[in-house]
Structure formats: structure tokens, C-alpha cells
Amino acid sequence: MTLTREQAPPVVRKPVGERRRRHDGLATTLMVAPATVLYVVMLIVPVGLALYLSLTDWDGFSADPAFVGAANYVTLLDDPDLRRAALVTLLVAAAGTAGLNLLGLGFALLVNGASRANTFFRIVLFYPHVLSALVVGFLWSAILGTSGAVNNLVTTWGGAVIPFLSDPAWATVTMIAVLVWAGFGVNVVLYLAGLQAVPHSLVEAARIDGATRWQVFRNVTLPALGPSVTVNIVLSLVTLLKTYDLVVSLTAGGPAGQTQTVAYLILWNSFHDARLGFGSAQSVLLMLVTAALAFVVTKLRRRGELAVHQ
Amino acid sequence: MTRKTFLWATAAFMLIPLYVLTVNAFKGQQDILANPFGLSGLSLEPLGRALTNPNFNVFKGYAITLLFVVAVNVLSVGLAAPAAYVIARSPKRRFRVLMLFFLAGTFIPGQVLVIPVVYVLKTLGLMGTIRGFVLFETTLTLPFSIFLYAGYIATVPAVLDQAAAVDGAGRLRTFWQIVFPLMRPAVATMVILNTFSVWNDFVNPQIILGPGSGLYTVTTGVYAAVSQYSTDYTVVFPTLLLAIAPLLIFFVFMQRHIISGLTAGATKG
């Protein structure tokens with residue numbers, strides 16, 4: 001394994017070896033170059049462009065947008081729409097992360113272990129993740145809308161319409177609930193993988209020592225799951241901070257723009273209002289906030305994990 | 001409440017939306033409004049009308065989406081697998097740097113890319129074209145594919161390569177004929193992941209292909225068909241059912257592989 005072809009001394013058939021090596025050099029380039037070129041053109045260049053465009057007034061059509069310096073960033077700092085959207089986004093991310101992880105871990109504990117019933121439950125908890133967020137949103141809006149299935153039933157029974165999607169506070173809560181409904185199956189599967197790494201002997205020992213189920217969970221299982229919890233929290237947070245498709249289909253940002261998320265606002269500003277420079281500034285900000293939050297959570301969790309082990 | 005009862009109740013709650021969707025896809029507006037959970041007044045007529053909806057030709061949507069799924073998968077595997085092979089097998093410093101360079105891409109959120117990619121595609125004359133969309137979607141799959149493939153190739157013994165070289169195979173042949181066939185599990189994971197992300201993508205096809213191009217995927221087609229008529233349930237339910245049916249059937253048959261594939265993808269950050 002350590003002796004690669006390049007290191008082997010080409011004593012006997014030098015000319016052939018040289019030709020082979022040059023041929024292999026060409027082959028190597030052929031294997032690496034296409035992926036690298038595409039990656040640079042379609043991913044690295046755009047990231048640089050996003051920074052540049054955020055300093056311009058690009059409208060999506062003109063060939064050379066005017067440079068406006070930090071104007072877009074100044075504007076967005078006291079943009080009431082962005083402030084409201086940022087609040088909604090943080091609320092969705094925080095409450096959603098809590099919901100996804102509590103349900104994810106809770107159900108992972110309930111469906112742990114190999115049995116046909118557990119396999120069935122895992123599939124049923126997971127399946128919404130297979131559907132596009134757009135379809136999930138349209139489906140739930142048909143169920144919870146003012147003339148939707150649930151409200152039809154409620155009014156038939158003589159009740160008042162429940163404003164699931166027509167009242168700003170209700171709509172935000174509904175959106176979080178649907179996000180959790182559609183996503184926690186993934187967390188269940190991730191926590192199940194983490195649970196396989198919990199040493200069985202430790203759990204057994206604690207049981208023999210007379211620990212209750214809760215004590216075993218609190219003092220053995222949960223500390224052993226530490227890294228799993230960190231991964232799950234960061235993943236949920238990063239995913240929820242860019243919530244877009246579901247807003248489009250469930251509430252369309254309404255009522256009165258009250259459930260617009262930052263990602264929704266970015267695309268609205270960019271492609272509805274043709275302010276792509278301004279949208280770029282917002283997306284750069286969203287990227288920085290997401291990276292910072294992921295970093296802080298990872299750091300805090302690591303400190304917590306170290307404290308547990310001491 | 002016992003554990004089993006609680007789990008069955010949860011399962012019911014998870015499946016009710018699917019039940020409502022399926023049942024109401026076969027009912028008229030009156031029956032849906034009067035009795036959304038019941039089974040009265042079932043007919044095939046709403047489904048038939050959804051199939052011939054002038055705003056959204058479902059079969060065209062399936063065909064275009066399937067074309068995208070196949071093109072992105074073929075291109076992604078064709079580009080990422082050989083690159084990952086070189087990176088995994090070469091001890092040279094520059095390929096280790098290249099790995100980190102690709103890895104950086106897994107941390108870049110798609111939201112940041114949408115706007116500048118419009119600029120790039122316009123410059124290249126690819127905006128609103130199938131080629132432009134497929135190239136961009138393929139690019140999005142590259143970082144994680146290369147990461148996953150390189151990790152997998154590292155577990156394939158290098159003696160195999162050496163044996164092939166001794167037998168006179170060049171580098172390309174060694175990879176495609178000896179190593180690539182052994183990568184099947186990793187490739188299957190990526191294909192599942194890419195299939196779902198391309199099929200369910202909404203933002204990128206909506207913006208890159210645009211409403212003017214006449215090209216729509218299942219997802220953007222559903223948006224066009226449903227968002228304007230969101231209270232005409234005889235349009236909403238059958239259209240949504242047609243949009244998710246292929247994926248759900250695929251999921252039911254391949255659930256074990258799909259769950260592990262999508263979960264691997266969820267951890268890519």
C-alpha cells in the first residue's frame with residue numbers, strides 16, 4: 001500500500017514508464033478538471049459575485065450595474081420589513097429547533113430496537129420529508145385554511161372558524177407546527193443512529209444499580225448522545241433559517257406579510273421588486289448570521305459536553 | 001396511555017393529511033366542503049380534469065423533471081467520481097488542498113447563490129435554458145458527492161489499482177473498470193439524494209427556467225396550477241396527489257435505502 005507506482009524505481013523499461021507517466025498525468029487532468037471548472041464557475045465565482053452585487057444596484061437586467069458602496073447595507077439596517085422578517089425567522093428557527101429535537105429524540109427512544117412495528121413507525125414518521133415543502137404547504141393550507149377541511153368540520157358542528165392561517169400569531173405557530181411535522185422524522189433517524197453508539201453495558205449497569213428509567217436517560221443515555229444532539233441542533237437551525245418553500249405555499253407570507261421569513265423577503269425583493277443588489281446584501285447577511293449561530297451553538301455544546309465529562 | 005397506543009395515535013396523525021389528500025382527490029367541491037373526511041361521492045372526474053389541466057400538463061411535468069433527474073445524476077456521477085478517485089488516491093499536497101476547496105462548498109447555502117447565478121448564467125447565455133439549469137443543479141451536488149466518494153474510495157484497497165496497472169491498464173481504465181464498480185453503495189446513496197433534491201427543488205427551476213421559458217418541473221408546475229386556485233379544491237387535491245404519487249411509490253418500495261440516503265444528505269450541513 002505504501003509503495004505507489006510513482007515511487008517504484010523504473011529501472012528496466014524506462015521509456016515505456018515515462019510514456020505511461022505522461023499519459024497518466026493527462027488522464028489525471030481529465031478526471032479532475034471538468035468537476036473543478038464547473039465548481040469554480042457555478043459556485044465559487046457566484047459567492048464572490050454575491051459580495052460584489054450586494055454593493056451595486058443591480059436590477060437583474062442591466063449589463064453593468066452601478067456601484068453604490070455600502071448603501072444596500074445601510075438601507076437594510078433600518079428596513080422595517082427585514083426587521084419583522086428577521087424576528088419571524090429567528091422565532092421559527094428557535095421554536096422549530098426545539099420542536100424537531102424534542103420530538104426527534106423522544107420518538108427515537110420510543111421506536112428504538114428492531115421490530116416490524118418499529119420499522120413501520122419509523123417510515124410513517126419519516127415520509128413527509130420525501131414530499132417537497134411546496135406540496136406540504138399547499139396540503140396543510142387546504143386542511144387548515146378558512147374554508148379548509150378542519151374549519152369545515154368545526155363550523156358544521158356549530159363552532160367558530162379557527163384562524164390557523166388568517167391571524168398573524170396563529171399563522172406563525174401553524175407554520176412552525178407544519179415545519180416540525182414535516183421534518184422531525186429525519187431527527188428521529190439521526191438520533192436512532194446516535195442511540196446505537198450508547199454503550200449497552202452502561203445502561204445495564206445503571207439498571208442493576210437501581211436507577212429509574214428517567215435517571216438512566218438523564219445520566220447515561222443523554223450524555224452519551226452529546227455529539228448527536230449537537231449535530232441535530234445545528235442541522236435544524238441551519239435548515240430552518242432558510243425556510244422559504246413552505247412560506248410560499250402555506251401562507252404566501254401573509255396575512256399582510258406577517259409570516260415572511262428572511263429568505264422569502266430576499267427572493268421577493270430580488271425577483272418581484274427587481275432589486276437584486278439589495279437582495280444580495282440581505283443574502284450575505286443571512287449567510288453570516290447562519291454561520292455565526294452554527295458556530296456559537298457548536299462552541300456552547302462542546303463546552304457543555306466537556307463539563308459533562310469532567 | 002401505553003407506548004404502543006401513543007405510537008399508533010401519532011402514526012394516525014402523520015397519515016391523516018395523506019388520507020385527506022387521497023380521498024378528496026376523488027371528490028367534487030360540494031362533497032369536499034360538506035364532508036372532507038368522508039368517502040361519499042367518489043369519482044374519477046376531478047383526477048381526469050387535473051390530468052388535462054391547460055395550466056399544468058402533468059405528463060409534461062413528469063417528463064421534464066425526469067429528464068433533469070437523469071441528466072443531473074449522470075453528469076454528477078461522471079464528474080464527481082473520477083475527481084474523487086484522483087483526490088483519494090494521490091498523496092500529492094495539491095489534491096489535499098483541492099479536497100478542502102470542494103469541502104468548503106458544502107457550507108455555502110443555496111439561497112446565497114440564486115441571485116449571482118442568474119448573473120453568471122446570463123453572461124454565459126444559459127439563462128432560461130435546460131443546459132444552464134442542469135449545469136447549476138449538478139454543481140450543487142458536486143461538493144458532497146466528492147466528499148462521500150473520496151471517503152468511500154479510501155476503503156477500496158489500493159492493491160487493486162496496482163494489480164490493474166501491472167496488467168497494463170491506464171489510470172482512466174483502472175478507475176472506470178476496477179474501482180467504479182465497487183463504489184455502488186456510495187453512488188446509490190448520492191443518486192437517491194440527488195433525485196429527491198432535483199425533483200423537489202422549487203426555487204432554482206422557478207428562477208432559472210422562469211415562467212417565460214414554458215419549461216416547468218412537477219414542483220413549479222404545481223405552483224402555477226395551485227397557487228391561483230387555492231380554494232378550488234377540485235384542482236388542489238388531484239394536482240397535489242399527482243405531484244407526489246411517483247415519489248411516494250418509489251419511497252414505499254425503497255424506504256430503507258431512501259431513509260439512509262436522505263439522512264446522509266441531511267448531515268451535509
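Mentor: Gladly, and we begin with one term: two residues are in contact if their C-beta atoms, placed from the backbone, lie within 7 Å. By that rule B:Ala83 touches A:Met31, A:Val32, A:Ala35, A:Thr36 and B:Ile146, leaving out residues up to four places away in sequence. A word on the source: this is a predicted model, in which local features need pLDDT of at least 70, side-chain atom pairs count only at pLDDT 80 or more, and totals for chains, interfaces and linings use all residues. Residues are numbered from 1 along each chain as its sequence is written, while chains are lettered from A and ligands numbered from 1 in the order in which they are written.

Trainee: How do you know how many residues of chain A and chain B are in contact?

Mentor: Applying the contact rule gives 69 residues of chain A in contact with 71 residues of chain B. On the chain A side, H1(A) gives the most, with 20 residues. Helices here are DSSP runs (H or I, at least four residues; strands are E, at least two), numbered from the N terminus.

Trainee: Why is A:Leu265 called buried?

Mentor: A residue is buried if 20 or more other C-beta atoms lie within 10 Å of its own, exposed if 12 or fewer, and partly exposed in between, with C-beta atoms placed from the backbone. A:Leu265 has 28 other C-beta atoms within 10 Å, so it is buried. A:Leu265 sits in helix H12 of chain A. Leaving aside neighbours within four places in sequence, A:Leu265 is in contact with A:Asp81, A:Leu82, A:Ala85, A:Gln260 and A:Gln282. The C-alpha atoms of A:Leu265 and A:Asp81 are separated by 8.0 Å, although these residues are 184 residues apart along the chain.

Trainee: And what are A:Ala252 and A:Ala256 called, by the count of C-beta atoms?

Mentor: A:Ala252 has 17 other C-beta atoms within 10 Å, so it is partly exposed. A:Ala256 has 8, so it is exposed. A:Ala252 lies in the loop between helix H11 (245-251) and H12 of chain A, and A:Ala256 is placed in the loop between H11 and H12 as well. Phi of A:Ala252 is near 55°, a positive value in a residue other than glycine; for A:Ala256, phi is also near 55°.

Trainee: What makes a set of residues a nonpolar core?

Mentor: It is a set of buried Ala, Val, Leu, Ile, Met, Phe, Trp, Tyr and Cys residues joined through C-beta atoms within 7 Å. The largest one holds 167 residues, and B:Ala83 is among those that touch the most other members, as are A:Val135 and B:Tyr149. Helix H4 (residues 58-89) of chain B brings the largest share of this core, 15 residues.

Trainee: How do you know that H4(B) and H10(B) cross, and what is the handedness?

Mentor: Axes are lines fitted to C-alpha atoms, for helices over the stretch in contact, and angles run from 0 to 180 degrees between N-to-C directions. The axes of H4(B) and helix H10 (residues 184-200) of chain B come within 9 Å and cross at roughly 145°. The crossing is right-handed. The residues making this contact include B:Phe68 and B:Val72 of H4(B) and B:Val191 and B:Trp199 of H10(B). They divide into eight nonpolar, five polar and no charged.

Trainee: How do you know which parts of the model are confident?

Mentor: We use pLDDT, the predictor's confidence in each residue, from 0 to 100. Chain B averages 88, with 98% of the residues at 70 or above; the mean for chain A is 87, and 91% of its residues reach 70 or more. Over residues 1-6 of chain A the pLDDT is below 50. Where pLDDT is low, the predicted coordinates should not be read in detail.

Terms used: A crossing is left-handed if the near helix is turned anticlockwise from the far one by less than a right angle, and right-handed if clockwise. Ala, Val, Leu, Ile, Met, Phe, Trp, Tyr, Cys and Pro count as nonpolar, Asp, Glu, Lys and Arg as charged, and the others, Gly among them, as polar.
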